[in-house]
Amino acid sequence: MQDRAIRARGITKSFGEVVALDGVDLDIPTGTVHGLVGPNGAGKTTLLGMLLGLSSPDRGELEILGCPVRQDLAVPDGVAGFVDGPGLYPALTARKNLRAVAALRGYPAWSVEDALGRVGLSDVADDAVRGFSLGMRQRLGLAAALLGDPRLLVLDEPSNGLDPAGKRQVHGTIADLAAQGTAVILSSHRMDDVGALCSEVTLLATGRVVFSGPLSKLAAESGDLDYRLLTSDPTHARSVASAAEEIALLDGATDDDAFVVRGAVPAMDRLGAELVRAGIALRELAPVTPPLEAAFLALTGDTPSETPSETPSDEDAR
Amino acid sequence: MSAPAPARPTTSGAAPLPASFARTLRFELVKLIAQWRIRVILLCCLLAPGVFVAATGQQTSLPADTVFGRWMALSGWAGPLVVLAFAGVWALPLLTSLVAGDVFAIEDRLGTWRHLVVTVRSPRRIFAAKALASLIVVLTLMIAIALSATLGGLLGVGSHPLVGLDGHMFGAGDVAGRVLLAWLVVVLPTLAYAAIGLLGSVTMGRSPIGLLLPALLALLVQVVQMLPLPAVVRLALPSNTFLAWRGLFTSPAQTGPIVVGLVVSLAWVVLATALAYRLFVRRDFTDLTNDGSARRIAVGGLLPLAALTAVSVAAVAVLTPVTGSGITRATLQDSLSTSFSRLYVLQTAQLHRPAVTEAAMQTASTCTKGGLAATSTTSTTSAADAADPTQTGPGNDWRCIVSWHTPGTTFVGQATFQLDVTPDGRYVADGDGPKEVNGSFPIHTAQGDAPNPLWQFDGLVDLLAPHR
Ligand SMILES: Nc1ncnc2c1ncn2[C@@H]1O[C@H](COP(=O)(O)OP(=O)(O)OP(=O)(O)O)[C@@H](O)[C@H]1O
Ligand SMILES: [Mg+2]
């Protein structure tokens with residue numbers, strides 16, 4: 001078995017004038033969960049659809065499970081998943097939806113019951129999908145993807161609409177699969193989901209990769225973060241902070257006694273030590289925006305719907 | 001990977017196989033049958049025609065406007081033909097709308113195209129499976145209607161002989177075969193509508209116009225049928241086949257319009273399906289916004305079909321002897337004479353009078369259109385009359401005098417009929433005296449009271465009859 005589930009080099013895909021993917025490189029080893037994030041219209045769905053075989057690159061090389069892919073619908077067996085929501089027929093029951101997929105792809109009948117159990121839908125297997133909640137549909141979509149025991153699982157926003165319990169179950173299923181050696185690539189708009197599930201992440205903005213690597217490295221990309229401080233002596237603490245090197249005191253209006261400073265991690269370490277030395281107790285010290293989200297915003301520009309010229313180029317990401 | 005994977009049908013890296021056609025077809029059928037709409041329609045098709053036919057058979061007021069409607073109380077075989085005449089106008093186009101017109105569009109509405117394409121891995125197979133599945137469902141619905149109407153007629157009225165559209169009495173066994181044949185004849189034009197439904201469904205996506213395309217076409221055709229179009233255009237439209245089956249109920253059968261209708265319908269089926277196929281396999285399945293555009297449906301669908309119509313008109317004009325409206329004074333007179341003689345023989349038998357034969361009667365008719373006084377003595381038309389443009393074509397102002405010889409006497413009987421001739425060649429003859437011949441009086445028969453067969457009767461002019 002090859003150790004790389006996906007190898008992509010310079011993938012480009014345009015729809016008329018719109019360049020949906022622009023020179024995308026991607027490497028995903030087996031047994032890992034890879035996150036794909038980016039603002040709306042970044043090209044996530046286009047890329048994931050390509051991995052499922054829905055479209056093929058205009059330019060560039062794509063290798064899936066060791067097979068070069070050059071045409072539509074030519075991805076090898078062992079790839080499963082969905083893009084833009086699971087494909088389900090509301091008039092059919094959950095079981096019939098899965099049976100149909102199993103019959104069409106030639107999977108054994110027992111795989112249906114197995115998949116239903118893995119996503120926790122065995123109890124409602126004979127209910128029509130018409131009455132399913134968004135979360136149940138997502139889980140059923142995941143079950144459909146699990147039928148063939150995939151070696152590459154492609155999921156477009158799988159935790160959309162899931163309640164905390166459902167999310168935990170789905171995350172558990174995905175983690176188990178990865179532990180068994182399946183490569184998983186999933187897109188999400190929620191950095192906390194990505195943080196909880198993925199070991200590596202690729203950040204797309206208007207069709208380009210602006211970051212690709214381990215999560216810890218992405219957090220470091222966030223640059224200077226804003227931190228909210230709550231202390232035992234706000235007035236004194238403020239003056240200590242304003243005097244500290246490489247720390248900026250922000251005027252940001254806070255409702256209570258807290259205040260906000262901006263600085264890099266080492267400067268924040270020093271500030272903490274100084275406050276303690278000055279006899280001020282630190283009650284709370286937390287980034288205003290979580291680091292992953294801050295990194296996301298820093299790399300893609302503050303507002304997701306920005307024009308391409310304002311999005312950071314590859315150099316910014318490095 | 002540690003987990004066993006017996007489920008995987010092919011080894012790692014092997015080229016993926018598309019799902020088998022049989023399984024794809026099965027899935028399409030499962031999806032269609034799972035829809036409530038289809039189930040309700042099937043139930044209606046199974047019940048409504050039978051109930052209608054059985055109930056009408058017990059009534060005194062019969063739907064005489066429809067061919068064979070006036071016979072519904074006398075022969076159970078009239079029922080399925082009345083239903084067929086109704087169905088050809090609305091029900092069958094509407095059914096195809098609801099089945100074939102939706103079979104592609106539903107995937108757009110549900111957003112399931114990507115799932116389906118990735119699972120089946122062959123747009124061609126998806127197209128073939130969807131087309132065949134809708135064909136199977138449409139045929140099932142048709143069979144349900146035909147069976148229901150036939151059972152309703154046979155159980156409600158019984159299997160009795162049926163008077164055809166030229167006065168010929170078809171025996172029960174003969175008529176059963178012809179009823180079956182008539183329903184078989186309309187399979188092809190129904191499939192033409194179904195193919196247009198497929199085309200609409202493929203081109204229009206989520207837009208409801210696709211769904212309605214066959215119904216809209218049926219409406220258009222209804223309007224067109226009412227216009228005083230030349231017979232060549234009439235015959236070149238697929239809708240003509242929904243009328244042409246009536247030619248099976250004359251002796252000899254009027255097969256010309258049936259053959260033309262079947263060929264035209266087949267051409268529509270093939271072209272519309274091919275267009276739908278071409279548009280479908282070129283489609284971008286990653287595009288979620290497939291709502292169709294006016295331009296696409298015009299260029300991809302309507303234009304080629306309009307071209308086909310033009311070609312059909314030209315072919316019918318060249319290959320058949322049709323001219324003008326197809327309804328001339330001569331053809332009308334011939335048709336009326338034949339019908340009259342046969343129905344007169346029937347009446348004579350029903351009234352237990354001395355038997356007469358068609359041949360001995362030497363019946364002749366003289367028809368005039370538009371209130372011209374009929375010259376009662378001439379039984380043949382002069383060449384000048386035949387060429388008179390006012391003495392041709394459909395209309396409700398035809399007046400005919402029929403004269404016949406009573407065997408064994410020198411007496412020449414005469415009776416007047418008012419004819420309402422529709423552009424499709426069908427006419428209703430209404431007796432206008434003398435009362436003893438074609439007045440409204442009941443005749444006691446073995447099956448109960450029947451109306452005088454010569455009082456009002458249906459006839460059919462063969463639009464493709466060679467002209468004299
Ligand atoms: N089939 C298509 N035809 C035309 N344009 C397309 C098509 N598919 C995608 N696009 C365009 O390509 C770009 C990328 O779209 P894509 O759906 O991949 O973004 P995304 O990252 O999944 O966005 P979101 O977060 O909103 O789901 C968009 O500008 C979109 O409009
Ligand atoms: Mg998307």
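Domain bounds in this report come from an automatic or database domain assignment. On that basis chain B divides into domain 1 (21–319) and domain 2 (329–460). The centres of domain 1 of chain B and domain 2 of chain B, taken over C-alpha atoms, are 36 Å apart.

This is a predicted model, in which local features need pLDDT of at least 70 and side-chain atom pairs count only at pLDDT 80 or more, while totals for chains, interfaces and linings use all residues. Residues are numbered from 1 along each chain as its sequence is written, chains are lettered from A and ligands numbered from 1 in the order in which they are written, and side-chain values use heavy atoms, with hydrogens and water left out.

**The two domains of chain B**

Contact means heavy atoms within 4.5 Å. Domain 1 of chain B gives 22 residues to the contact and domain 2 of chain B gives 18 residues. Buried area is the accessible area (1.4 Å probe) that two parts lose on being put together, summed over both. Between domain 1 of chain B and domain 2 of chain B this comes to about 1,700 Å², with 53% of it on carbon and sulfur atoms. On the domain 1 side, Arg70(B), Leu74(B) and Leu165(B) lose the most area to domain 2 of chain B, together 32% of what that side buries.

A salt bridge is counted when a side-chain nitrogen of Lys or Arg lies within 4 Å of a carboxyl oxygen of Asp or Glu. There are 3 salt bridges between domain 1 of chain B and domain 2 of chain B. The side chains of Arg342(B) and Asp166(B) form a salt bridge at 2.6 Å, N to O. Arg342(B) also pairs with Glu358(B), with the closest N and O atoms 3.5 Å apart. Helices (H or I, at least four residues) and strands (E, at least two) are DSSP runs, numbered from the N terminus. Glu358(B) lies in helix 16 (residues 358–361) of chain B and Arg342(B) in helix 15 (residues 329–350) of chain B, so this pair ties together parts that are 16 residues apart in sequence. Buried means under 20% relative accessible area, exposed over 50%, and partly exposed in between (1.4 Å probe, protein chains only). Arg342(B) counts as buried at 15% relative accessibility, and Glu358(B) as partly exposed at 39%.

**The interface of chain B and chain A**

Chain B contributes 41 residues to the contact and chain A contributes 40 residues. The area buried between chain B and chain A is about 3,400 Å², and carbon and sulfur atoms give 64% of it. The count of salt bridges between chain B and chain A is 1. This type of pairing joins Asp84(A) and Arg114(B), with the closest N and O atoms 3.2 Å apart. A polar contact is a pair of N or O atoms within 3.5 Å; within protein, one must be able to donate a hydrogen and the other to accept it, and residues adjacent in sequence count only if both atoms are side-chain atoms. The rule finds 8 residue pairs in polar contact across the interface of chain B and chain A (both at pLDDT 80 or more). On the side of chain B that touches chain A, the elements that give two or more residues are helix 1 (21–34), helix 5 (105–110) and helix 6 (113–120) of chain B. Helix 6 of chain B gives the largest share of that side, 7 residues.

Over all chains the count comes to 31 salt bridges.

| Asp27(A) | Arg9(A) | 2.9 Å |

Asp22(A) lies in strand 2 of chain A and Arg208(A) in strand 10 of chain A, so the pair ties together parts that are 186 residues apart in sequence. Asp22(A) is partly exposed, at 29% relative accessible area, as is Arg208(A) at 42%.

**Backbone features and a buried valine**

Most residues other than glycine have a negative phi, and most peptide bonds are trans. Leu65(A) has a positive phi, near 50 degrees; Leu65(A) is found in the loop between strand 4 (59–64) and strand 5 (67–68) of chain A. Ser251(B) and Pro252(B) are joined by a cis peptide bond, with omega about 0 degrees. Val421(B), in strand 5 (residues 412–421) of chain B, is buried, with a relative accessible area of 2%. Residues touched by Val421(B) include Ile327(B), Leu332(B) and Trp398(B).

Note on methods:
Lists of a residue's contacts leave out its neighbours within four places in sequence.
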